[in-house]
Amino acid sequence: MINYEELFSDNIKSMKRSVIRELLKLTQKEGVISFAGGLPSTESFPVEDLKNITQEVYDKYGAKALQYGATEGLPMLLSELIKLMKDNENVSLNEERISITIASQQGLDLVGKIFLNPGDTCIVESPTYLGAVSAFNSYRAKMVDVELDEEGIKTDLLDETIKRLKKENVKPKFIYVIPDFHNPAGVTMSLKRRKELLEIALREKIMVVEDSPYRMIRYRGENLPSLLSLDQNNLVIALFTFSKIFVPGFRLGWAVAPKEIIDKFIVAKQATDLCTPPFNQFIAALFLNKGLLKKTVKRTISIYKEKNELMLESLEKYMPKDKGIRWTKPEGGLFLWVSLPDGYDCDEMFKLAIDKNVAYVVGSAFYAHGQKHNSFRVNFSYPTKEEIVEGVKRLSEVISEYVK
């Protein structure tokens, strides 16, 4: 009998199953209202437009759309994205600075692949996106986390952390942040912090990875410039995805970075999948060319704004008072973050929530070292309005029972 464990690489041994994917199994039971996933609302999907465009792709491009494609992406789609980046971000690009990815999760994996040797250090926010933790952990990185607040990453703590690491002769390979409508925290980095972050990165000559899956889905407040648009020194690697602004099933995203880094992205991607599906790229290119993305995003914003406001109203109405429970009030995106006072354990409370037929994602999953347990993430984009109200009622009952 073969001992498979002896054959596995150190890299795969360091990887763990996604906490969310495992939790979702528990939410499949009859009657559970789940706030656990990060799923877009199916109401936002442009099904009818895509029916017509798909036929047009067959009619116009036929076999070409069904053939292999270039690793860096379909020229037609790259051209449309260059226009989008100019219109939306005021960032001027050429094709040497942009590459198509299989959504932004592949972008995170490629960042890890091209920058991280086993034992290398990178800086992440605390909390941070668990998909990034999984990607960087798969290359056996040492993640150092820096706390955030309602203005995003605490740049004073970031400065202190980098200085401490320098004394230990450690230089981080990059700083990973989610500036807009943070997943899981729901906060948006202030303009002041964005500028301070870039100043620190320039002084210390450290790359910044800006993860921007939700940036276009703003329904309140002032639109702030991206780190990419503020960057004058080629410090930023920006990752974008169509998953939250178009459809997640196409698995399409794009990365923007200095030419030298995009070159490495392409080499690393060729070793992974050769190319992103051209058929999906043709559809996306025509969708953009016809101006349909703007219409879809506008509809998505309208849907999410209403659901977000309903969840905030329900939390205000039903959550137990005077228990020290607080939650973020995101100006966009898909998530908000609920925190109990220190000492409570939302991992432990999750069992009670499932018994009450409501689910969330435990907050410990979003810390690089799983060190905090008093918070959890809830999603408002996917549940129906009725499920949002009833689900918050059930959550409130769970918390009331637990904090006793």
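Me: Rings of Phe, Tyr and Trp (for Trp, the six-membered ring) pair if their centres lie within 6.5 Å; planes under 30 degrees apart count as stacked, over 60 as edge-to-face and the rest as tilted. Which residues form one aromatic cluster here?

Reply: This is a predicted model, where local features need pLDDT of at least 70, side-chain atom pairs count only at pLDDT 80 or more, and totals for chains, interfaces and linings use all residues. Residues are numbered from 1 along each chain as its sequence is written, and side-chain values use heavy atoms, leaving out hydrogens and water. The structure holds 16 aromatic pairs. One cluster is formed by Phe 240, Phe 242, Phe 246, Phe 250, Trp 254 and Phe 287.

Me: Are the planes of Trp 337 and Tyr 367 stacked or tilted?

Reply: The ring centres of Trp 337 and Tyr 367 are 6.5 Å apart. Their planes stand at 50 degrees, so the pair is tilted.

Me: How many residues apart in sequence are the parts that this pair ties together?

Reply: Trp 337 lies in strand S11 (residues 335–339), while Tyr 367 sits in the loop between strand S13 (361–362) and strand S14 (375–379). The pair therefore ties together parts whose separation in sequence is 30 residues.

Me: Is Tyr 367 buried or exposed?

Reply: Buried means under 20% relative accessible area, exposed over 50%, and partly exposed in between (1.4 Å probe, protein chains only). Trp 337 has a relative accessible area of 8%, so Trp 337 is buried. With 7%, Tyr 367 is also buried.

Me: What share of the 404 residues in the protein is buried?

Reply: Along its principal axes, the C-alpha trace spans about 60 × 60 × 55 Å. Of the 404 residues, the buried share is 56%.

Methods: Helices (H or I, at least four residues) and strands (E, at least two) are DSSP runs, numbered from the N terminus.
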